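Me: I am new to this structure. Please show me how to read its features, one by one.

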Amino acid sequence: MKLERMRPTAWRVTFHPLELAALISAARWAEAGAEGELPPDARKQLRAVLDRYDEAVNRS
């Protein structure tokens with residue numbers, strides 16, 4: 001994984017495909033109701049990130 005700060009609030013992240021797959025899988029598991037409680041706002045933010053990821057994959 002490579003992280004580059006572009007601006008104070010913008011980062012460029014370069015992932016190996018397996019790293020990205022692991023992160024997306026973990027996010028889907030957490031959003032779907034993993035063990036323990038996830039606050040509603042956190043679940044909503046996670047769902048939004050996953051939706052944007054899915055949109056970007058479908059555009060490629």
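**Reading the surface and the fold**

Reply: Buried means under 20% relative accessible area, exposed over 50%, and partly exposed in between (1.4 Å probe, protein chains only). This is a predicted model: local features need pLDDT of at least 70, side-chain atom pairs count only at pLDDT 80 or more, and totals for chains, interfaces and linings use all residues. Residues are numbered from 1 along each chain as its sequence is written, and side-chain values use heavy atoms, leaving out hydrogens and water.

Me: In which strand does Trp11 lie?

Reply: Strands are DSSP runs of E, at least two residues; helices are runs of H or I, at least four; both are numbered from the N terminus. Trp11 lies in strand β2, residues 10–14. The protein chain has two helices and two strands, in the order β-β-α-α along the sequence.

Me: Which residues form a nonpolar patch on the surface?

Reply: Like charges are joined within 9 Å, nonpolar side chains (Val, Leu, Ile, Met, Phe, Trp, Tyr) within 5 Å. Here Met1, Leu3, Trp11, Val13 and Leu23 form the patch, with about 520 Å² of accessible area together. Such areas come from the Shrake-Rupley method with a 1.4 Å probe; for residues, only the protein chains shown count as cover.

Me: How much of the protein chain counts as buried?

Reply: Of its 60 residues, 10%. The C-alpha trace spans about 35 × 25 × 20 Å along its principal axes.

Note on methods: Patch = residues over 30% accessible without salt bridge, like charges linked within 9 Å, V, L, I, M, F, W, Y side chains within 5 Å. Salt bridge = Lys/Arg side-chain N within 4 Å of Asp/Glu carboxyl O.
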